[in-house]
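Today I am opening my notebook on aromatic rings. Come along and look things up with me.

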Amino acid sequence: MLPFSYEEYQHRLEQTKKKMSEKGIEVLLITNPANMNYLSGYNGWSFYVDQLLIVIIDEEQPIWIGRHMDANGARATTWLFDERIIPYPESYVHSDKHPMEFVAGILHEIGQSNRRIGLEMESYYFSALAYERLKQSLPNAEFKDASLLVNYVRLIKSDQEIEYIRRAAKIVERGMDAAVQNIASGVRECDVVAEIYKNLVSGTPEFGGDYPSIVPMLPSGENTSTPHLTWTDRQYKYGEMVIIELAGCHQRYHSPLARTVSIGQPSEEAYNISQIVVEGLNTALEAVKPGVTCEEVEIAWENVIKKYGIEKESRLGYSMGLNYPPDWGEHTASIRRGDLTVLEPNMTFHMIPGLWFDDYGIEISESFRVTETGCEVLADYQRELIVKEDLDLTIIS
């Protein structure tokens, strides 16, 4: 069931240990499920309970610790030897006994309780209580923040990772088609999302889809003034605009895409804004190449919108790829002022130059891979404001 070769996992582990050494970390406790997957292959919907991967700098294999009923999932999806998979009893699940007390006990048993231990302090999946119980149970350990250590190892993708992201891009094209074809006056928002999910999960005849880390976001009408609303059971109305932001997912690798649909002819103002968004997006994509910083790409976009007297407060984009709910972003490089990350081949980003105003907004985005000379746009989808008149689909250009 492993999606990557044993050699690739070993390379990832070596790079992680190199980062650990640089930061003076001897034992790394990984609770982020994407980072667990990246290093071990573990893939299951079990991140709602405490689980972790322990990387010890002078040991060849990590240790997986999780709920007893998930141990067979670890045996099925990881490259680890059985003795490196340690389940905790059900009595630790949602009880006064905390799983981190069990983890501390294991670290005591194997002689790792008085070392410099790195923790993913910023992880969604590592609670304040988990931290407190670790500190109480490991009084001789020295704790260090290692929140994004593995995330930065993930920043440059392997060729196999890129292949999975390209497949996700093919899947997102189908999901976007389902959205565009089904959005119409009188249709319920939830019914459109049902069609989107059908296509995102079915994928293509050659490869299927997985659940994306973020649900489809489809604000409509005045709600397009904000990007992160989902859907209801209300019916679309003629004259409304709808923002569609979703991602294809394959082997947990994502390719996001956003477009905006107008049910009927848009206002002149909205049409003009869509043209500015596309101009800025094209200019920013043209600025992408190895050696350029994330900030320089953002400046290329900013120079376009400034001509029209527009400012965008939010970042222009972010690195993305492997992840689990609630986010497909990697939380490392961002395309924005002040981020001096230098672009390298096989970095992947979602560039989302959305503009939101008091009563409407426009989103038209692309995911891309940095190549040896520029960038590869991952999805092949019309980069325009999409206008639907009755059952007809037209593109404003």
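Entry 1. Buried stands for under 20% relative accessible area, exposed for over 50%, and partly exposed for in between, with a 1.4 Å probe and protein chains only. I note that the model is predicted, so local features need pLDDT of at least 70 and side-chain atom pairs count only at pLDDT 80 or more, while totals for chains, interfaces and linings use all residues. Residues are numbered from 1 along each chain as its sequence is written, and side-chain values use heavy atoms, with hydrogens and water left out.

Entry 2. I searched the whole structure and got 19 aromatic pairs. Rings of Phe, Tyr and Trp (its six-membered ring) pair if their centres lie within 6.5 Å; planes under 30 degrees apart are stacked, over 60 edge-to-face, and the rest tilted. Phe47 and Tyr324 make an edge-to-face pair, 5.6 Å centre to centre with 70 degrees between the planes.

Entry 3. I then checked Phe126 and Tyr131, which are also edge-to-face, at 6.4 Å centre to centre and 65 degrees between the planes. Is Phe126 buried or exposed? Phe126 is buried, because its relative accessible area is 9%. Tyr131 counts as partly exposed, because its relative accessibility is 22%.

Entry 4. I found one aromatic cluster formed by Trp45, Phe47, Tyr124, Tyr125, Tyr211 and Tyr324.

Entry 5. I looked for charges over rings, meaning NZ of Lys or CZ of Arg within 6 Å of the ring centre and within 35 degrees of the ring normal. Arg252 lies over the face of Tyr324, 4.7 Å from the ring centre. Lys97 lies over the face of Tyr92, at 4.4 Å.
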